[in-house]
Amino acid sequence: MLENFSANLKHLHRISTTNYEDFEALFVDYLETGCEILGMQTGIINQVNDQSCTIIAVRSNFDKLSPGLELPVGNTYCAQVFQEKRTITYVHVGSITAMQAHPIYQELRLESYIGTPIWVNSEVYGTLNFSSTQIRNSDFPPQEQEIVELMAQSIGRFIAAHQTAISRQQVVEELRRQNQKSQLFAELTLKIRQSLQLEEILQTTVTEVQSFLEADRVVIFRLWSDKPGKVVSEAVVAGWPVILGQNIDDPCFREQYQEKYRQGRISTITDIDKAQIAACHAELLSSFGVKANLVIPIFQRSELWGLLIAHQCAQARQWSSFETELLQQIADQVGIALAQSQLLEAVRESEQRFRTMADSAPVLLWMSGQDGLCTFFNQNWLIFTGRDLDQERGNGWSEGVHPEDLQQCMETHRTAFNTRKDFQMEYRRRRADGEYRWILDKGTPRFTPDGSFAGYIGCCIDISDRREIEQLKDEFISVVSHELRTPLTSILGALDLLASGVLRSQPEQGQRMLDIAANNADRLVRLINDILDIERIESGKVMMTKQVCDGANLMNISTELMRNMAQKAGVNLSAVPKSVRLWADPDRIIQVFTNLLSNAIKFSPPDSTVWLRAQLQEESEVTTDDSGLSVEARQIVFQVQDQGRGIPADKLETIFGRFQQVDASDSRTKGGTGLGLAICRSIIQHHGGQIWAESTLGEGSTFYFTLPVLQEEREALALDPTKPTVLVCDDDASVRAVVQTMLKQQGYQVIAVTSGEEAVEHAEQDMPDVILLNLMMPSMHGWETLEALKANLETKNIPVIILSGLMPDARESPHPGVSDWLIKPPDERLLFQALERALTKPNHQVKVLIIEDDLDLAQVLVTLFEGYGIETYHAQTGPEAIELSQRVIPDLLVLDLILPECDGFAVVGWLRQHNRLRRVPLVVYTAEDLDQSERELLKLGQTLFLTKSRITPEEFEQRVISLLNSIVQGREGESNHESQTHSDY
């Protein structure tokens with residue numbers, strides 16, 4: 001047995017040391033030797049994996065067993081060897097029940113078998129096995145198993161050595177190929193990148209690729225999502241069709257191939273006739289004479305831009321992986337070149353946009369390099385200086401700097417360049433017309449993306465006008481400061497004297513000091529109001545509350561307002577009203593009238609006359625303004641004429657400026673702020689009119705202003721039902737006219753009658769709120785009229801005020817039917833107080849809540865309302881106002897907007913959420929000017945907006961008490977209606 005084993009080892013040594021020409025000879029020798037040693041008919045070397053078993057070499061009498069035969073691994077005896085990775089032996093397969101159905105046994109009847117794994121690089125490569133149709137008499141001895149295993153180990157070493165040699169060869173070959181590809185790629189890339197022009201890049205690409213591949217045609221096919229693709233570059237061998245510039249719309253390509261290319265897939269077709277492609281696509285390629293093609297997608301920033309396509313037209317062609325990989329890299333470089341070309345174009349467009357923007361910028365722009373020399377000036381700079389670019393480049397720009405500013409200007413530039421910091425300076429630069437203008441020059445350093453200093457960019461702005469405005473502002477502040485301090489000095493001086501008590505024994509002097517303080521306080525208020533007025537009007541912060549109004553009414557109101565001033569000055573005031581419909585803010589127009597009349601009276605000598613007249617211009621076409629009202633193109637010209645000292649011709653325009661007066665001493669001797677005419681001009685301009693003055697020294701001046709005229713309406717305007725109606729009964733026409741005018745100016749509606757009979761008739765028919773009754777009248781005198789009114793159930797509750805030349809009799813108590821008694825001629829203040837008392841119903845206790853943080857002003861308002869017997873409450877903060885309004889449920893709120901803790905807007909917002917308070921009447925009494933949107937936020941019930949210091953205390957009293965009366969009357973009307981309704985049930 002040992003002798004046989006030794007001989008077998010010698011065989012193995014011989015095989016291991018023999019140089020075989022190839023593996024086939026080696027494997028045959030091993031299999032021959034193994035069959036001889038084991039005495040078996042068949043020897044096989046297999047390569048095995050999980051699925052199949054492939055014969056590499058075989059020595060057998062069975063013709064079916066041949067190299068290359070592949071069998072399912074489960075159908076071979078090798079399956080168990082591969083699975084268990086150890087030597088497996090069978091002595092008599094037929095005696096093993098589980099093996100009797102095995103495919104190999106059924107087909108070849110192999111009874112005995114020995115197989116062992118072949119290990120290559122620590123992995124089972126396959127098996128070495130021997131088999132025979134003869135049954136063995138005994139098991140394979142260990143020596144035979146060991147010989148087979150040694151043979152398998154030797155075979156494994158030979159295979160591993162061969163694979164290592166092949167790998168080395170492949171690596172060398174791959175390195176050679178990569179080196180060749182890199183050289184070719186570098187050469188092609190260099191040629192492609194020699195230009196940044198898109199057309200040259202694409203043409204160079206197809207030319208170089210066609211030359212390298214020796215293809216019949218190479219094209220670049222541009223793709224678009226919304227239109228057919230187009231051949232944009234082509235290199236083609238002579239004799240084949242030229243397809244450059246063709247638009248190709250291939251439905252097959254769009255539907256089946258375009259999405260694949262978008263995913264980055266490459267298409268290689270070696271033979272169009274044999275390729276599995278759509279018939280329509282094959283037909284298209286055939287029309288271009290294509291036999292084989294290679295298609296590489298070109299991407300630009302991850303988006304499919306187009307295709308790099310190589311065509312072989314003469315015959316089919318096998319495209320190598322080397323060619324495919326090289327073209328793919330070239331396509332990538334084309335994509336990069338496309339992006340760079342696009343970026344370059346974007347840069348060029350950016351530069352062009354910069355130049356366009358710079359040239360259209362309303363400033364002077366400049367740019368310098370690292371050396372501090374200027375390289376660029378925009379068109380506005382060149383226009384401003386009247387010089388060309390070459391003259392300004394470098395330091396040429398400094399030639400236009402004022403000599404006195406040049407040194408400081410250059411030093412500022414040098415310092416900024418040395419420190420790389422922003423700079424700003426002002427200096428004078430010569431304009432094209434030779435005038436030096438003040439310039440604001442701002443510069444900021446420029447840096448490249450890597451942080452390197454690139455120079456400066458800057459802009460210059462002509463600030464001459466701004467400097468002039470600043471000078472005017474300084475003068476304005478100086479004047480305002482003087483005008484404020486002068487009255488303040490008088491006020492403080494007078495009040496200090498009174499507070500010290502030194503005038504306690506001199507009441508006349510004390511009263512004089514009070515008058516001085518009051519007059520200067522009025523002057524101070526006028527100044528502040530005038531300053532605020534002109535600023536707010538010109539800035540558009542004050543809205544003109546325009547409405548339809550009558551020119552004659554505005555003239556009459558203004559004349560009456562100024563009559564007292566004229567009487568004190570001994571000046572006659574003559575007005576010739578002109579009735580014409582206007583679309584205007586009546587308060588603002590009255591402000592203009594009173595300002596012009598006040599000036600005329602102040603500068604007129606005693607016993608002279610000031611005239612107020614109006615004249616219509618010629619009629620013209622009718623237009624529509626932004627409010628939708630029909631406005632005639634003609635205008636009305638108002639004029640205020642005096643017989644004063646006159647105005648010099650050079651002052652006729654400047655007097656409409658701020659703080660401008662003919663004589664600087666006028667503000668002290670005549671009063672005024674020097675802002676009145678500026679305010680007048682601003683108001684008139686906001687109404688679409690003009691204002692100017694004409695004058696003759698020593699004879700007087702005339703001020704004119706125009707306003708557009710509204711087209712006359714065919715029907716009279718309806719009366720406002722919320723205004724109280726007064727029935728005036730007097731047989732004297734002059735008394736009726738005077739009283740009627742006084743009442744209408746204060747917002748009352750008037751019915752005037754001449755007899756007691758008419759009074760009774762109209763009282764029953766029109767149900768006025770108050771009756772003013774004269775006693776001494778013919779036919780039916782006043783007492784009879786009063787008796788008839790009180791006897792009528794419809795009119796008995798109407799308050800009656802006696803207006804008579806007779807004194808009331810010495811009754812201990814007033815006449816039961818008389819509300820009040822006034823003596824002719826009526827005092828205006830007493831008349832309106834009597835009317836307010838009559839209109840304030842005694843059967844309802846009116847409650848007013850004043851919301852004001854200023855305690856002094858709040859006390860003034862409380863005193864005013866309590867004078868009418870009105871129950872008055874005061875809240876100083878927003879939360880206090882909310883709490884008190886819930887507890888009191890007032891009939892009227894008087895609200896300031898600037899409050900501690902929460903403002904007036906917040907208070908109104910809360911009241912709107914309260915069922916019983918969301919419709920309460922409101923008077924917004926504030927120093928703020930409100931726009932329309934703010935007014936909408938503040939509306940509750942009936943709402944008045946009154947501006948502090950712009951409305952006098954008398955006007956405030958009259959308007960607020962009128963509102964209260966209308967509220968009470970409305971409530972009583974609702975109450976009467978409810979009572980009547982209730983009784984109907």
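Where does isoleucine 889 lie? In this predicted model, isoleucine 889 sits in the loop that runs between helix H24 (878–888) and strand S33 (892–895). Its phi is near 50 degrees, a positive value in a residue other than glycine. Glutamate 901 also has a positive phi, of about 75 degrees, although it is not a glycine. Glutamate 901 is found in the loop between S33 and helix H25 (904–911). Its relative accessibility is 68%, so glutamate 901 counts as exposed.

Another backbone feature is a cis peptide bond. The bond joins lysine 824 and proline 825, with omega at about -15 degrees. Proline 825 belongs to the loop between S30 and helix H22 (828–839). Strand S30 itself covers residues 820–823, and its side chains alternate. Asp820 and Leu822 point to one face and are buried. Strand S29 (residues 800–804) runs parallel to S30, and 4 bridges join the two. Leucine 803 has leucine 822 of S30 as its bridge partner.

An open sheet is built from 6 strands. Their order is S9-S8-S7-S12-S11-S10, and the pairing is antiparallel. Strand S9 (247–248) and strand S10 (267–269) stand at the edges. Each has a single partner strand, so one side of each lacks a neighbour in the sheet. Within the sheet, strand S7 (residues 217–222) and strand S8 (residues 229–236) pair over 6 bridges in the antiparallel sense. Valine 218 is bridged to alanine 235 in S8. Strands of a sheet pair through backbone hydrogen bonds. Helix H9 (residues 321–360) lies across S10, strand S11 (292–300) and strand S12 (303–312). The helix runs at about 35 degrees to S11.

The whole structure holds 19 aromatic pairs. One of them is formed by phenylalanine 656 and phenylalanine 703, in an edge-to-face arrangement. The ring centres are 6.2 Å apart, with 65 degrees between the planes. Phenylalanine 656 lies in the loop between strand S23 (630–641) and helix H17 (666–669), and phenylalanine 703 in strand S25 (residues 700–710), so the pair ties together parts 47 residues apart in sequence. Phenylalanine 656 is buried, at 4% relative accessibility. Phenylalanine 703 is buried as well, with a relative accessible area of 9%.

Tyrosine 925 and phenylalanine 956 form a tilted pair, because their planes are at 35 degrees; the ring centres are 4.6 Å apart. This pair links distant parts of the chain, 31 residues apart. Tyrosine 925 is in strand S34 (residues 922–926), and phenylalanine 956 is in helix H27 (residues 953–984). Tyrosine 925 has a relative accessible area of 10% and is buried. Phenylalanine 956, at 2% relative accessibility, also counts as buried.

Ring pairs also build a cluster. Its members are Trp366, Phe417, Phe423, Phe447, Phe453 and Tyr456. Elsewhere, the charged end of lysine 85 sits over the ring of phenylalanine 82, 5.6 Å from its centre.

Conventions
Residues numbered from 1 in each chain as written. Predicted model: local features only at pLDDT ≥ 70, side-chain atom pairs only at ≥ 80, totals over all residues. Heavy atoms only, no water. Phe/Tyr/Trp six-rings, centres within 6.5 Å; stacked < 30°, edge-to-face > 60°. Buried < 20%, exposed > 50% of the residue type's maximum accessible area, 1.4 Å probe, protein only. Lys NZ or Arg CZ within 6 Å of the ring centre and 35° of its normal. Pairing = 2+ DSSP bridges. Contact = heavy atoms within 4.5 Å. Axes fitted to C-alpha atoms, helices over the stretch in contact; angles between N-to-C directions.
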